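Subject: Handover of a structure

Dear colleague,

Please find below the structure that I am handing over to you.

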Amino acid sequence: MFSSYDGLCTIGELAEHAGVSVKTVRFYSDSGLLPEASRSAGGHRRYAPEAVERLSMIRSLRGLDLALPDVRRILDGQQDEQDGAGGVLEDAVAGRLRALGSELAALRWRVAALRLVQECPAAERAARLRLVGAVAAPPSTASLARFWRAWLPPRMPARSVSAFLEAAVPQPPEDPRPAQVLAFARLHAFVTRPCGDRGSGPCQPRAHRGAGARASALLYAGLAEAYGLAGGEMRRGAKPAPGEALDGFVDAYASTYGTHDSPGFRRVLAGRLAADPRIDRYWELTAEVISTPGGRPEPTSGSAHAWLLDALDVQVRETAG
């Protein structure tokens, strides 16, 4: 391949053959990625013929934006006759894809946030900038999870808490619209104030005070099922009415209070739930985050709860009438 008597080449010849600069070859050599075969009497670097293929591989890997440590592990894996480079390359590519996904999500969020600030009236720009600037890009849901962990009954099993958080904490959209960025920023501001906008007073429903850890887990498991059924009715546009969803909703509370479903219990339950604190603003903002702007709002646990309360009230009134 090379014209020298010993088959080796100089750094300049290697650079010319590979179509890169001498500076690039020297950088990879100094990094330990491109070993020298020897040095000339004058101290000049000399490379073996296989250096051309190795340099080509280095350039390809770097072209994928893989870090130098990953490139080194892949090249070392090629020399391992047992394992090969496949697994190392696969892991490096997967890691880079994850990093790029996070970077793209952050960029999409920033673009939507900038449009939100740009498109709002000039008088509102400073306040809106402070609002969206308080949210990281890509946004974290940690503040929402903390809010609900403090709201839930104490000592609930970890599995039950995780299931509740999965339903109650909205995941930011991958490609958000400005309106969704604004809703998420308002949601973050809402949960970082004590008890939402009220600032004082009890936030927890009465059922939290009467239920132990096991009963709380059963309560929220039953409510989750009822919310799912109610959500299906809401998507159909059905008005609140008695049915399977309401039966499951009432049964979840009856089990918590150690009683049975009956018309009398439904009257008592309707009164208790009507007096419970509401966090409607949280669920309104959650619906804005997860719904397509301009489309029908997606049901949330909160809106399903409100639908079921209305259905319970309808039935209680009908029974009383």
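The accessible surface of the protein comes to about 18100 Å², and 52% of that area belongs to carbon and sulfur atoms. Accessible areas come from the Shrake-Rupley method with a 1.4 Å probe, and for residues only the protein chains shown count as cover. Please note that this is a predicted model, in which local features need pLDDT of at least 70 and side-chain atom pairs count only at pLDDT 80 or more, while totals for chains, interfaces and linings use all residues. Residues are numbered from 1 along each chain as its sequence is written, and side-chain values use heavy atoms, with hydrogens and water left out.

Confidence

The average pLDDT (the predictor's confidence in each residue, from 0 to 100) of the protein is 88, and 91% of the residues score at least 70. A contact means heavy atoms within 4.5 Å.

Overall form

The protein has 15 helices and three strands; these are DSSP runs numbered from the N terminus, helices being H or I with at least four residues and strands E with at least two. Its radius of gyration is 31 Å, whereas a compact globule of 321 residues would have one near 20 Å. That radius is taken over C-alpha atoms, and the globule rule is 2.2 Å times the number of residues to the power 0.38. Along the principal axes, the C-alpha trace spans about 110 × 55 × 35 Å. Of the 321 residues, 40% are buried; buried means under 20% relative accessible area, exposed over 50%, and partly exposed in between (1.4 Å probe, protein chains only). Among contacts with a separation of 6 or more, 66% are between residues 24 or more positions apart.

The sheet

The three strands form an open, antiparallel sheet in the order β1-β3-β2. β1 (9–10) and β2 (38–39) stand at the edges with a single partner strand each, so one side of each has no neighbour in the sheet. Strands pair if DSSP finds at least two bridges between them; β1 and β3 (residues 45–47) pair in the antiparallel sense over two bridges. In this arrangement Thr10 stands opposite Arg46 in β3.

Two buried helix residues

Leu75 is found in helix α4 (residues 68–78). Leu75 has a relative accessible area of 0% and is therefore buried. Not counting residues up to four places away in sequence, Leu75 touches Leu33, Arg54, Met57 and Ile58. The C-alpha atoms of Leu75 and Met57 are separated by 8.3 Å, with the two residues 18 apart along the chain.

His188 lies in helix α9 and counts as buried because its relative accessibility is 18%. Beyond its neighbours within four places in sequence, His188 is in contact with Ala134, Val135, Ser143 and Leu144.

Aromatic rings

The structure holds 16 aromatic pairs. Rings of Phe, Tyr and Trp (its six-membered ring) pair if their centres lie within 6.5 Å; planes under 30 degrees apart count as stacked, over 60 as edge-to-face and the rest as tilted. The rings of Trp109 and Phe184 have centres 5.7 Å apart and planes at 85°, so this pair is edge-to-face. The pair links distant parts of the chain, with Trp109 in helix α5 (residues 86–119) and Phe184 in helix α9 (residues 178–191), 75 residues apart. Trp109 and Phe184 are both buried.

For Trp148 and Trp283 the ring centres are 5.4 Å apart and the planes at 35°, so the pair is tilted. Here too distant parts of the chain are linked: Trp148 is in helix α7 (residues 142–151) and Trp283 in helix α14, 135 residues apart. Both residues of this pair are buried. One aromatic cluster is formed by Phe147, Trp148, Trp151, Phe164, Phe190, Tyr220, Tyr282 and Trp283.

Backbone details in the loops

A cis peptide bond, with omega about -5°, joins Ala137 and Pro138. Pro138 is in the loop between α6 (125–133) and α7.

Asp65 is not a glycine, yet has a positive phi of about 70°. Asp65 sits in the loop between α3 (50–63) and α4 and, at 43% relative accessibility, counts as partly exposed. Arg155, also not a glycine, has a positive phi of about 65°. Arg155 lies in the loop between α7 and α8 (158–168) and is exposed, with a relative accessible area of 69%.

Yours sincerely
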